[in-house]
Amino acid sequence: MSATQPVTTALLTDHYELTMLQAALQSGTAHRRCVFELFGRRLPDGRRYGVVAGIGRALDAVAAFRFGDAELTDLRARSVVDDTTLDWLADYRFSGNIWGYAEGEAYFPGSPLMVVESSFAEGVLLETVLLSILNHDSAIASAASRMTAAADGRPCIEMGSRRTQEWSAVAAARAAYIAGFVATSNLEAGRRWGVPTTGTAAHAFTLLHDTEEEAFAAQVAALGTGTTLLVDTYDVTKAVETAIKVAGPGLGAVRLDSGDLLVQAREVRAQLDSLGATGTKIVVTSDLDEFAIAALAAGPVDSYGVGTSLVTGSGAPTVGLVYKLVAHEGADGSMLSVAKASKDKKSVGGRKYAMRRRSASGVAQAEVLGIGEPPVNDGDDRDLLVPLIAAGERVYDATLQDARERHEASRAELPPTALQMSRGEPCIPTIYEGQ
């Protein structure tokens with residue numbers, strides 16, 4: 001079977017979503033009006049804020065959630081659900097409303113990243129695919145945001161494709177770009193999402209040639225003097241000297257991929273300057289994370305290439321988002337709040353309305369969640385939920401550039417504690433109003 005992404009997303013779900021549907025159809029409750037919310041009970045341990053990513057991909061997934069002949073035949077052959085349920089699935093089209101946080105927005109414990117208003121049948125089927133996308137992409141974006149904050153304006157490049165599943169790599173490049181990374185090494189992310197791509201050569205290219213000088217000359221001849229030469233295959237000092245000999249003082253950059261990067265960066269900067277290559281930049285790679293990037297801030301590093309840590313969420317490969325029923329239509333037609341009361345997994349019932357409470361100077365002070373009605377805005381605050389899908393039709397059309405700008409603005413309004421690398425509590429509290 002091909003490893004490419006499917007045309008339909010209908011089977012990117014859990015078995016019990018369909019068995020719940022079958023039971024609800026039989027009991028007569030499947031068409032009750034419901035409200036589902038997608039949120040996190042907490043942030044990953046020690047994190048001070050999270051970043052929403054995957055909204056655009058999730059909406060694409062809802063549009064592609066269709067049960068065609070092949071899917072229905074498969075479900076029938078495996079006796080997953082009965083024929084009545086299969087007949088209902090054959091006509092499935094989401095016709096409800098979805099509200100959510102704009103892509104790139106910061107979020108906190110309890111933040112309703114998505115609010116799904118629909119029948120039980122229509123809404124319950126989307127649980128797994130929405131969680132799958134938002135848990136992954138938000139984990140990557142949250143890690144990426146910490147990295148770009150630590151980089152403090154120095155460019156970060158995503159280069160983790162070989163450290164994760166092939167399609168996860170494409171999604172990771174997109175999520176990292178939202179959180180401020182400037183480019184990716186992944187060509188499919190460039191084609192599919194328009195993320196700028198970049199890359200030059202690996203150690204194999206140097207090892208292919210009889211001498212390092214021949215390798216550098218071949219690369220410069222093919223890619224120009226503005227290229228980046230990898231200088232740690234053998235001896236860094238000799239390689240830098242050879243690089244400038246071959247390319248001249250106008251060489252674009254050198255890359256360091258091993259050793260004590262801070263010490264080496266200082267030594268290489270001094271050597272480049274002594275050779276007249278004052279404009280040649282220094283790119284560092286090699287298992288970087290936000291802490292390593294912060295430590296390198298004291299050195300003459302111009303940009304960072306980040307791989308493994310980024311695409312695995314820098315220790316938090318999922319952000320623990322859940323999808324819960326918070327209200328449903330009662331027998332009399334009124335909407336009833338419902339909530340889990342189980343130990344350690346309690347939820348807050350009722351449809352939420354989210355607002356970022358801010359000071360008069362625009363600094364975030366709290367995540368305020370109104371239950372059943374919007375919280376009161378004193379004029380300095382910012383409403384967070386935007387319409388994503390209305391009556392089954394997608395209305396959210398923000399671009400990746402919009403998401404990048406939203407992230408930059410959202411992070412900028414957080415208090416200074418948000419950008420501390422040390423472990424801590426969320427930088428603003430979550431307050432429920434109307435309980």
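Predicted model: local features only at pLDDT ≥ 70, side-chain atom pairs only at ≥ 80, totals over all residues.

Reader: What makes D60 and R394 a salt bridge?

Author: The term requires a side-chain nitrogen of Lys or Arg within 4 Å of a carboxyl oxygen of Asp or Glu. The side chains of D60 and R394 meet at 2.7 Å, N to O. So the pair qualifies under the 4 Å rule. By this rule the count comes to 23 salt bridges.

Reader: Which parts does the pair of D60 and R394 tie together?

Author: D60 lies in helix α2 (residues 55-63) and R394 in strand β18 (residues 393-394), so the pair ties together parts 334 residues apart in sequence. Helices (H or I, at least four residues) and strands (E, at least two) are DSSP runs, numbered from the N terminus.

Reader: Why is D60 called partly exposed?

Author: Buried means under 20% relative accessible area, exposed over 50%, and partly exposed in between (1.4 Å probe, protein chains only). D60 has 36% relative accessibility, so D60 counts as partly exposed. R394, at 38%, is also partly exposed.

Reader: How do you know that E367 and R356 form a salt bridge?

Author: Their closest N and O atoms are 2.5 Å apart. E367 is in strand β15 (residues 364-371) and R356 in strand β14 (residues 352-358), so the pair ties together parts 11 residues apart in sequence. Both E367 and R356 are buried.

Reader: What other salt bridge does R356 form with E413 in mind, and how far apart are the atoms?

Author: E413 and R356 have their closest N and O atoms 3.4 Å apart. Salt bridges that share partners join E105, R356, R358, E367, R382, R406 and E413 into one network.

Reader: Why is E408 called exposed?

Author: E408 has a relative accessible area of 56%, so E408 is exposed. E408 is found in helix α15 (residues 400-412).

Reader: What makes strands β6 and β11 a pair?

Author: Two strands pair if DSSP finds at least two bridges between them. Strand β6 (residues 156-158) and β11 have 3 bridges, in the parallel sense. So they pair. Y304 in β11 is the bridge partner of C156.

Notes
Residues numbered from 1 in each chain as written. Heavy atoms only, no water.
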